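Dear colleague,

Please find the structure we discussed directly below. My notes on it follow, arranged by topic for reading alongside the model.

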Amino acid sequence: MPRVLRTIRRMARRLNRAIQFQRLAAFRRLPIVADQVLYESFGGSGVLDNPEALFRTALADPTLAHLRHVWALDRQGSHAAVRREFAGDPRVRFVAYRSGRYFKALSTSGYLVNNATFPTEFGKRPGQVYLNTWHGTPLKLMGYDMPNGALESANTMRNFFSADYLLAQNSFMTETMYDHAYKLGGAYRGTVVEEGYPRVDRQFADAAQTADARGLLENAGLDIGSREIVLYAPTWKGGSFSRPENDVADLAERVRVMQERLGSDRYVVLLKTHQAVAKFAIGDAALRRILVPNSIPTNVVLGLTSALVTDYSSIFFDFLATGRPIVFFAPPDDEYEEVRGTYFTPEELPGPVVTTPEAVAEALAAMNASPADAPTANYDEWRTRFTGLDDGSVSRRVIDIVFHGRRDGYRLRTLGDSTRRSVLLYLGGMRSNGITTSALNLLAHLDHNELDVSVLIARPGRGQQGANQRRIHPAVRQFIRLGGMNGDKREHVRRRIAHFKADGQLHLTRPQHMQLWDDEWLRTFGSAQFDAVIDFSGYSAFWATLLLHSPGGTRSVWLHNDMLAEVDRRVAGKLPLRRSLRAMFALYPQFDNLVSVSPSLDAINRERLSPIIGGHPSFSFARNVIDADRVLLGASELPVIEQPAAEPRVADTEAAAPAAADDPAVEAESVEPEGRTDVAEALPIAIDWADTIRSDSTNLWFITVGRLSPEKNQARLLRAFAATNPAERNLRLLIVGGGALQEELEALVRQLGLEETAFLSGAIANPFPLVDAADCFVLSSNYEGQPMVLLEAAVLDKPIITVDFGSVRDALPGAAIRIVPSTDEALSDALLAFVRGEIPPSHIDPVEYNRATIGEFEHATGILTD
């Protein structure tokens with residue numbers, strides 16, 4: 001495709017998104033329609049599931065005759081039947097999913113009912129009541145229990161925190177899914193309604209309703225006659241809801257074998273696919289006579305079913321209410337239990353577990369004359385535990401709670417009660433740099449029994465960002481910001497101008513801007529509140545402003561460096577941090593605490609920043625935490641060259657949506673100092689430098705680790721190293737890191753004639769084996785905060801040489817490091833002093849050190865625990 005055409009298409013997409021967001025902003029200014037209910041099931045797949053059951057009950061309730069009901073339906077599905085059913089009812093209308101009318105209803109309806117997730121544009125407005133029913137008691141692992149569950153379920157957790165009510169079929173769902181798997185415990189401030197599932201009401205059908213339901217199947221082209229229905233209802237494969245595997249051909253063959261073995265006289269085997277697979281199944285000719293249409297509610301079909309065959313689908317929990325038998329068909333090649341995982345082992349399930357369709361037929365045949373006569377031994381226990389509340393009247397109880405506001409006598413649970421102090425930290429861009437390392441170390445060493453810890457990050461990109469996101473301590477709740485900021489485009493222009501001018505007051509003085517940021521806080525965090533809010537990155541005015549709109553708690557911002565010096569740092573002739581940091585300085589007075597990462601750095605920032613921001617009473621410090629176990633473990637592993645990785649999968653379809661056209665997230669994050677950047681695809685296979693150094697019994701090896709940028713001043717180290725006459729003295733230097741100065745430093749190596757003695761390894765994800773193998777660590781920076789690399793070198797008991805800069809004196813507690821003037825000559829003399837044996841190894845007691853640093857963190861942020 002020609003470049004011009006691609007550019008035109010890209011601009012057209014951006015313009016279209018800008019128009020969509022402007023239209024959404026207009027809708028959000030409209031008044032709330034208090035008596036309007038918006039229903040959505042599976043992203044508009046149909047009038048289905050719990051929302052369908054609640055809708056029909058509310059429609060028939062004379063006390064709710066004033067309500068107007070709006071259903072969101074996708075443009076792809078076949079919804080003619082339901083449209084005909086309600087064509088004459090003025091209280092019911094339909095909107096196309098993600099259309100303008102959809103977003104208007106989403107923005108203005110007084111009640112919102114969903115069994116999955118609203119898209120990322122959704123942010124609940126004051127005056128709206130949101131009921132999320134979810135769509136089943138989980139057998140499969142959910143939320144953070146899944147591999148990389150924080151990212152996979154980001155939009156789900158966002159919706160849960162936005163909901164006023166969460167519906168639970170049973171206590172297992174409340175405790176295992178909501179409280180634990182989605183980490184709502186201690187933070188969710190809405191109400192969990194533990195009253196059973198409305199959709200199961202549809203299974204309690206009288207004779208007339210049963211006849212009508214069988215007629216629906218016949219009218220859909222399924223030849224069932226008077227035969228008993230055996231329903232095969234497998235779940236979807238794959239690890240991502242947005243990318244299910246198309247296994248339709250396998251499903252058709254399994255149904256064929258089951259039907260053949262059971263015979264056609266008594267039983268008919270029908271197939272009900274998961275919503276995520278339905279789009280593949282609808283057009284398949286082989287399934288035409290066996291596929292239950294998506295438009296017929298699943299629980300209506302379950303009410304007709306004599307026996308259920310499933311694998312890991314939560315549909316079987318609903319079916320327990322019928323008292324009829326279940327066969328679990330889990331082919332060994334599916335590997336689902338190993339890939340996704342389940343909450344129960346096959347041996348615990350309330351039915352036989354088989355691996356072939358032939359065995360399914362044999363299990364059903366073994367259930368005496370009628371399958372309904374032979375549940376397994378633990379069936380009644382499971383039925384009581386998981387569907388004991390499903391008595392056919394659940395919908396009425398839920399409507400009584402949500403629409404009539406009644407609470408007495410109902411099973412209502414809260415999850416927000418906690419004795420732990422709650423903390424939110426914004427971690428920055430999650431690149432591999434000192435800030436990210438420091439943040440991850442801190443999260444790993446906080447006392448999670450005393451603190452309820454959450455973090456805020458943008459959706460991580462490829463490679464190092466995703467890898468670092470997966471390293472976040474498992475006890476930590478992750479708010480991953482998805483999509484773009486809502487609001488009028490004109491206000492966003494004003495916001496950007498304010499950022500450009502370093503106007504830190506606009507978001508406080510202009511009501512429209514205050515609303516803009518308050519809405520974004522609610523869109524991102526829902527009902528969550530925090531005792532302490534921390535901008536641990538400290539480089540982006542966008543994220544800092546968002547944190548300043550937290551509804552309470554102390555607010556702190558971290559100063560990882562001499563921040564005034566950072567303003568003038570040049571990279572490739574530019575000043576990438578100037579505009580961002582000036583905007584940050586304008587926001588500093590609005591924070592409660594300005595926290596530097598060492599006592600000396602605190603003194604530097606206090607002295608240099610006070611005249612600019614008018615003085616601030618709460619400058620303090622909290623040193624970086626060191627993860628000694630990770631350093632020591634990493635030192636025993638092979639070093640790895642960082643390469644770009646595949647885009648991580650996202651469970652929610654909406655989570656993969658691009659950011660808004662005016663979303664500043666990417667731009668805002670880019671101002672944070674880069675770390676060990678991804679190397680080019682053309683980079684040759686990584687040399688195992690650790691093995692090279694360890695096997696070298698002739699030479700002494702110096703090493704430095706850090707991004708290749710001006711303030712790190714590796715050029716000074718190269719010049720100092722050249723002055724030692726390294727070839728004659730058997731000295732070698734390895735510079736580990738990547739960055740903008742790679743080519744410049746390589747040219748300097750050639751200019752100084754160091755091709756055989758000084759080397760640049762490139763960006764290495766795990767540099768600890770190299771540091772461990774080297775003889776001496778050297779730092780030549782112009783300025784630093786508290787360098788993580790010095791702490792890491794001390795954990796490995798390395799002799800350390802560093803030039804003098806403002807915060808170096810307390811970089812290591814009591815460690816013997818050689819500090820020399822910031823000149824080439826002094827640094828060269830120190831290198832030779834090491835050769836003479838005059839610089840001993842450094843050491844740090846990580847336990848005592850971390851105990852002190854955690855205390856400093858708690859004191860600086862005001863979250864001291866008893």
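At 36% relative accessibility, Arg-494 counts as partly exposed. Its salt-bridge partner is Glu-491, with the closest N and O atoms 2.7 Å apart. Both residues belong to helix H19 (residues 489-500) and are three residues apart, about one turn of the helix. Glu-491 is buried, with a relative accessible area of 9%. Please note that this is a predicted model.

Glu-491 also forms a salt bridge with Arg-510, where the closest N and O atoms are 2.8 Å apart. Because Glu-491 lies in helix H19 and Arg-510 in the loop between helix H20 (506-509) and helix H21 (511-525), this pair ties together parts that are 19 residues apart in sequence. Arg-510 counts as partly exposed, at 22% relative accessibility.

A further salt bridge joins Arg-623 and Glu-856, the closest N and O atoms being 2.8 Å apart. Arg-623 is in the loop between S20 and helix H26 (628-635), while Glu-856 is in helix H35, so the pair ties together parts that are 233 residues apart in sequence. Arg-623 is buried, with a relative accessible area of 17%, and Glu-856 is buried as well, with 15%. Elsewhere, salt bridges that share partners join Glu-52, Arg-56, Glu-85 and Arg-202 into one network. Counting a side-chain nitrogen of Lys or Arg within 4 Å of a carboxyl oxygen of Asp or Glu, the salt bridges come to 39.

**The seven-stranded sheet**

Seven strands form an open sheet in the order S16-S15-S14-S17-S18-S19-S20, and their pairing is parallel. Strand S16 (477-481) and strand S20 (619-621) stand at the edges with a single partner strand each, so one side of each is left without a neighbour in the sheet. On average, neighbouring strands of this sheet are turned by 25° against each other, direction ignored.

Within the sheet, strand S14 (residues 421-426) pairs with strand S15 (residues 451-458) in the parallel sense over six bridges. Val-423 stands opposite Val-453 in S15, and Leu-425 stands opposite Val-455 in that strand. S15 is mostly covered, with eight of its eight residues buried. From S15, Leu-451, Val-453, Val-455 and Ile-457 point one way, whereas Asp-452, Ser-454, Leu-456 and Ala-458 point the other way.

Helix H35 (residues 846-861), which holds Glu-856, lies across S14, strand S17 (532-535), S18, S19 and S20 and runs at about 130° to S18.

Val-4, Leu-5 and Ile-8 make a nonpolar surface patch of about 270 Å². Leu-5 has its place in helix H1 (residues 3-28) and counts as partly exposed, at 34% relative accessibility.

Helix H4 (residues 100-108) is mostly covered, seven of its nine residues being buried. These are Gly-100, Tyr-102, Phe-103, Ala-105, Leu-106, Ser-107 and Thr-108. The buried residues of H4 pack against H1, strand S1 (33-40), strand S2 (68-73), strand S3 (92-96) and strand S4 (109-114).

**Two backbone points to check**

Most residues other than glycine have a negative phi. Asp-49, however, has a positive phi near 65°; this residue is in helix H2 (residues 49-60) and is buried, with a relative accessible area of 11%. Asn-148 likewise has a positive phi, near 50°. Asn-148 is found in the loop between strand S5 (129-132) and helix H5 (149-152), and at 23% relative accessibility it counts as partly exposed.

**The protein as a whole**

The protein has 35 helices and 26 strands. Of its 866 residues, 61% count as buried. The accessible surface comes to about 33,600 Å², and 51% of that belongs to carbon and sulfur atoms. Among contacts with a separation of 6 or more, 76% are between residues 24 or more positions apart.

With kind regards

Notes. Residues are numbered from 1 along each chain as its sequence is written. This is a predicted model: local features need pLDDT of at least 70, side-chain atom pairs count only at pLDDT 80 or more; totals for chains, interfaces and linings use all residues. Side-chain values use heavy atoms; hydrogens and water are left out. Patches are made of residues with over 30% relative accessible area and no salt bridge: like charges are joined within 9 Å, nonpolar side chains (Val, Leu, Ile, Met, Phe, Trp, Tyr) within 5 Å. Accessible areas come from the Shrake-Rupley method with a 1.4 Å probe; for residues, only the protein chains shown count as cover. Helices (H or I, at least four residues) and strands (E, at least two) are DSSP runs, numbered from the N terminus. Buried means under 20% relative accessible area, exposed over 50%, partly exposed in between (1.4 Å probe, protein chains only). Two strands pair if DSSP finds at least two bridges between them. Axes are lines fitted to C-alpha atoms, for helices over the stretch in contact, and angles run from 0 to 180 degrees between N-to-C directions. Contact means heavy atoms within 4.5 Å.
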